[in-house]
Each structure stands twice: as C-alpha cells, then as structure tokens.
Amino acid sequence: MTTTANTTETLEHATDAPVPAEPQRMRLPKLAPDFYAAMRALDEAARDGLDPVVSELIRIRASQLNGCAFCLDMHTRDARALGVGDRKLTGVAVWRDTPFFSARERAALALAEAITTLGEHGVPDEVYDEAACVFDEAELSRLIAMSITINAWNRIGVTTRMSPPARES
C-alpha cells in the first residue's frame with residue numbers, strides 16, 4: 001500500500017466526529033427582517049387548509065431535490081412530530097417505489113416534484129390532473145402554494161448556506 005505523508009497524517013487524525021458544515025454566508029432574518037417576515041406569512045398562508053402531513057411531505061421532497069440540508073432536517077423533524085414514521089420518511093426520496101404513501105400523498109409528491117424541477121414544458125397535464133382528481137380546488141391551490149413556498153425557502157437556505165444545528169440523532 002502506498003501512502004503519502006498527507007494521507008497518513010489525515011488518517012491518524014481521523015475521528016468519528018461530525019464534519020462541520022461550511023459557514024453560513026449571511027443571516028437573512030437580521031439583514032432583511034421585513035422580507036423574512038413576509039416569507040413566514042407566505043408559508044403560513046400556503047399551509048392553511050392543507051393536511052399537515054401532506055405539507056411536510058411536500059417540503060421534504062422539494063428540499064431533497066433542491067439540496068437544502070437545513071429545510072430537510074427541519075421538515076423531517078416536523079413530520080416525525082406529526083407521527084410520520086421513519087420508513088415513510090426514508091421512503092420519500094423513492095416514493096414511487098414504495099407502498100408507504102396514499103393516492104393523495106403520491107399525487108402531492110408528484111406535483112411538488114414537477115413544480116420544483118419545472119422541465120422544459122412546465123408541469124405535465126397528467127401530473128396536474130391526477131392531483132386535481134384527489135384534491136378539491138381549495139386544497140389544490142394550497143398544494144401549489146406550499147410547493148412554491150418551500151422552493152423559495154430552499155433557495156434562501158442553499159444560497160445563504162443555512163445548515164442544521166449539530167445534535168445527536
């Protein structure tokens with residue numbers, strides 16, 4: 001086995017301790033409090049009338065797709081507090097391949113993915129139509145609003161490098 005001095009030194013000092021995240025770039029709530037307050041109000045309005053579990057599943061899936069560690073950590077904890085089990089939470093990333101989700105949750109996840117990834121042709125009709133079949137108009141409007149809102153939050157988190165606090169699992 002060939003080792004360099006740097007590799008050997010790194011291995012000698014390696015521990016099982018977590019590696020800290022990169023430093024946060026800025027604290028948006030302190031620098032733009034009016035904007036942050038408006039985002040919080042937008043979030044509250046978006047979830048009004050939407051099933052809390054569906055809301056958290058949307059937030060988790062969008063946060064996975066956008067790579068927002070802070071939001072993913074927060075909404076996974078919030079979903080657990082609502083009683084969502086670990087198998088279901090782990091299955092969000094592969095929801096199409098698991099038996100853990102209801103027809104409504106599947107339709108919500110599909111629509112949230114389509115809104116988050118917005119391909120060349122936008123949200124496909126079949127995805128929108130499936131959601132419209134299992135949600136009434138008021139719920140569908142909140143589903144869309146929640147998907148848009150979490151995408152905005154994810155962009156804040158990723159851009160400013162928000163990171164979840166270090167803590168035991």
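Author: Here is a look at the pocket, then at an aromatic pair. This is a predicted model, where local features need pLDDT of at least 70 and side-chain atom pairs count only at pLDDT 80 or more, while totals for chains, interfaces and linings use all residues. Residues are numbered from 1 along each chain as its sequence is written, and side-chain values use heavy atoms, with hydrogens and water left out.

The largest pocket holds about 300 Å³ of space. A pocket here is an open set of points on a 1 Å grid over the protein atoms alone, where a 1.4 Å probe fits, with protein on both sides within 12 Å along at least five of seven lines; lining residues have an atom within 4 Å of a point. The volume is the space filled by probe spheres set on the points, which are joined across faces, edges and corners.

There are 15 lining residues, and R40, D43, M74, H75 and W153 sit nearest the centre. The lining splits into seven nonpolar, one polar and seven charged residues. Nonpolar covers Ala, Val, Leu, Ile, Met, Phe, Trp, Tyr, Cys and Pro, charged covers Asp, Glu, Lys and Arg, and the others, Gly among them, are polar.

W153 also has an aromatic partner: the ring centres of Y36 and W153 are 5.2 Å apart with planes at 75°, so the pair is edge-to-face (centres within 6.5 Å, planes over 60 degrees apart, using the six-membered ring of Trp). Y36 belongs to α3 and W153 to α9, so the pair links parts 117 residues apart in sequence. Both Y36 and W153 are buried (under 20% relative accessible area, 1.4 Å probe, protein chains only).

Key
Phe/Tyr/Trp six-rings, centres within 6.5 Å; stacked < 30°, edge-to-face > 60°. Helix = DSSP H or I, 4+ residues; strand = E, 2+ residues; numbered from the N terminus. Buried < 20%, exposed > 50% of the residue type's maximum accessible area, 1.4 Å probe, protein only.
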